[in-house]
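Please read them with the coordinates open.

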Amino acid sequence: MISLTLQQIADVVGGTLHDVPDPNLVVDGTVEFDSRKVTAGGLFLALPGARVDGHDHAAAAIDAGAVAVLAARPIGVPAIVVEPTPHDGRAMALEHDHDGSGAAVLAALATLARASVMELSAKTGLTVVGVTGSSGKTSTKDLLASVLAPLGSVVAPPGSFNNELGHPWTALRADEQTTFLALELSARGVGHVASLARTAPPRIGVVLNVGTAHLGEFGSRQNIALAKGELVEALPSAADGGVAVLNADDTLVLEMQSRTRARVVTVGLSSDADIRATNVRLDADARARFTLVTADGEIDIALAVHGEHQIGNALSAAAVALECGATLEQISTALSGAAAASVRRMDVRTRADGVTVVNDSYNANPDSMRAALKALVSMSRSDDGPRRRTWAVLGEMAELGQESIIEHDAIGRLAVRLDVSRLIIVESGRSTRAMHQGAVMEGSWGEESMLVPDDASAIEVLRSEVAPGDVVLVKASQSVGLWTVADALLSDGVQQ
């Protein structure tokens with residue numbers, strides 16, 4: 001972030017200084033919420049957590065080099081104190097906030113991030129790019145970081161740091177040397193994206209899709225579209241450089257054209273898209289090859305990431321890069337070298353015995369589950385040999401509400417229609433049982449679909465039955481923790 005004195009930070013966030021020997025002390029380091037990661041010159045955030053309260057670690061943060069603590073009460077060390085704020089508990093980052101202290105610190109953090117971003121945008125020309133959608137945000141953000149890197153310094157969040165805490169924390173990573181700030185904007189309710197957009201106002205906004213993630217909280221895809229479209233509503237006008245990148249293949253996204261003052265650029269497979277992919281094909285590892293068609297010309301693209309669904313993500317990243325001045329050659333080179341940068345997202349590794357493990361266990365919703373299953377099947381095909389045997393180890397897709405049974409049943413049936421060889425479903429309630437039942441009813445599979453009680457049981461089956469050359473997909477919502485299955489498989493053999 002920009003360097004500020006403690007008094008300036010207090011003035012920005014509406015806080016008061018406590019136990020501060022010199023209000024002119026400068027914060028010129030990073031802002032951290034983990035006292036173990038504090039560095040000299042930094043600012044520590046005292047946030048409540050599931051097991052500990054950050055206020056209890058304030059002294060340790062100061063000892064580690066923090067100039068001060070952003071807190072909700074005086075704590076006996078240099079602090080900028082903001083008053084606790086009542087809240088309704090809906091925000092993701094406030095799950096363990098019982099007295100409003102976390103809400104107050106988060107609000108102050110957002111205000112500080114906005115001040116820093118606005119100052120950098122005015123003085124150094126920082127370009128903020130926001131990405132939202134039901135699925136693909138993290139993958140697209142990673143591709144964005146790759147295609148923008150040749151044009152200047154890029155700050156992007158690690159993994160899916162995209163909520164009320166991760167979003168401003170990432171924004172405060174930008175400083176005077178940063179050219180681009182690429183941010184994800186997540187939502188679990190109407191108004192969340194708008195709030196994040198106020199924290200770090202974007203000039204370019206990307207909406208990938210409107211799917212069924214968090215359907216239980218939104219109630220309908222129309223409400224999801226309402227929330228995702230808040231990003232394009234937050235963009236500046238076309239005259240002021242605002243650009244909305246919209247997926248032409250998603251009707252609900254395309255309809256967002258009427259909700260923005262920004263210039264609209266459409267991307268997709270549609271012949272009507274401004275930036276589109278033609279001549280699409282997949283290699284043996286489900287990596288897409290296609291021709292990128294733009295108003296500036298055409299160029300061949302060979303993606304390093306896996307899955308046909310990455311085409312839309314790559315098109316969106318290419319559209320942003322073109323708006324920022326990249327050449328087609330720079331885009332092609334960057335995309336061909338952009339491997340998966342975030343953990344447990346289509347992370348494909350092959351053991352020495354030829355078993356390929358696809359670890360896509362970070363999260364799951366119906367759209368990403370379908371994409372992963374299609375990628376699995378694509379990886380089983382061979383032009384010069386027999387088809388590889390495929391395994392899908394699946395767990396629950398969380399937060400689907402009343403549609404959960406239907407959606408899980410549909411995924412089980414899809415696995416059969418795609419001709420996945422074996423399906424192992426880790427049981428966690430009615431939804432996962434519906435996935436198993438859907439598979440059995442769709443194809444009378446019998447033993448081809450197996451319902452197991454836990455990840456240890458899944459590991460036991462795989463260790464006894466997986467053979468050299470098999471491809472194993474592991475996917476579920478993050479809360480299931482199914483990456484233990486992928487980790488166990490990979491630990492069984494030396495990776496190539």
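This is a predicted model: local features need pLDDT of at least 70, side-chain atom pairs count only at pLDDT 80 or more; totals for chains, interfaces and linings use all residues.

1. The protein is divided into domain 1 (4–101), domain 2 (125–337) and domain 3 (347–493). Domain 1 and domain 2 have their centres 32 Å apart, taken over C-alpha atoms. The contact between them draws 10 residues from domain 1 and 10 residues from domain 2.

2. Interface of domains 1 and 2. How much area do domain 1 and domain 2 bury between them? The value is about 900 Å², and 69% of it is on carbon and sulfur atoms. The size of an interface is often given in this way, as the accessible area lost when the parts come together.

3. The five-stranded sheet. An open sheet of 5 strands runs in the order β2-β7-β6-β5-β4. Its pairing is mixed. The edge strands are β2 (16–18) and β4 (31–32), and each of them pairs on one side only. Inside the order, β5 (residues 43–45) and β6 (residues 68–71) pair in the parallel sense over 3 bridges.

4. Helix α1 lies across β2, β6 and β7 (79–81). Its direction is at about 15° to β7. Helix α3 also packs on the sheet, where it touches β4, β5 and β6. The direction of α3 makes about 120° with that of β6.

5. The α1/α3 contact. Helix α1 (residues 6–13) and helix α3 (residues 101–123) pack at an angle of about 110°. Their axes are 9 Å apart. Angles of 65 to 115 degrees count as roughly perpendicular, so α1 and α3 are roughly perpendicular to each other. Which residues meet here? From α1 come Ile 9, Val 12 and Val 13; from α3 come Ala 108, Thr 111, Leu 112 and Ala 115. The contact divides into 6 nonpolar residues, 1 polar and no charged.

6. The nine-stranded sheet. 9 strands form an open sheet with mixed pairing. Their order is β9-β10-β8-β11-β12-β13-β14-β15-β16. Which strands stand at the edges? They are β9 (154–155) and β16 (297–306). Each has a single partner strand, so one side of each is left without a neighbour in the sheet.

7. Pairing of β8 with β10. Strand β8 (residues 127–132) and strand β10 (residues 180–184) run parallel and are joined by 5 bridges. Val 131 stands opposite Glu 184 in β10.

8. Around β14. Strand β13 (residues 263–268) pairs with β14 (residues 275–282) in the parallel sense, over 2 bridges. With β15 (residues 287–294), β14 runs antiparallel, and 5 bridges join the two. Gly 268 stands opposite Arg 276 in β14, and Arg 276 stands opposite Val 293 in β15.

9. The β14–β15 hairpin. There are 4 residues between the strands of this hairpin. Ala 286 takes a positive phi near 60°.

10. Helix α12 (residues 328–336) lies across β15 and β16. It runs at about 15° to β16. Strand β16 is also one of the edge strands of the sheet.

Note on methods:
Residues are numbered from 1 along each chain as its sequence is written. Side-chain values use heavy atoms; hydrogens and water are left out. Axes are lines fitted to C-alpha atoms, for helices over the stretch in contact, and angles run from 0 to 180 degrees between N-to-C directions. Angles under 35 degrees count as roughly parallel, over 145 as roughly antiparallel, 65 to 115 as roughly perpendicular and the rest as oblique. Contact means heavy atoms within 4.5 Å. Ala, Val, Leu, Ile, Met, Phe, Trp, Tyr, Cys and Pro count as nonpolar, Asp, Glu, Lys and Arg as charged, and the others, Gly among them, as polar. Two strands pair if DSSP finds at least two bridges between them. Domain bounds come from an automatic or database domain assignment. Buried area is the accessible area (1.4 Å probe) that two parts lose on being put together, summed over both.
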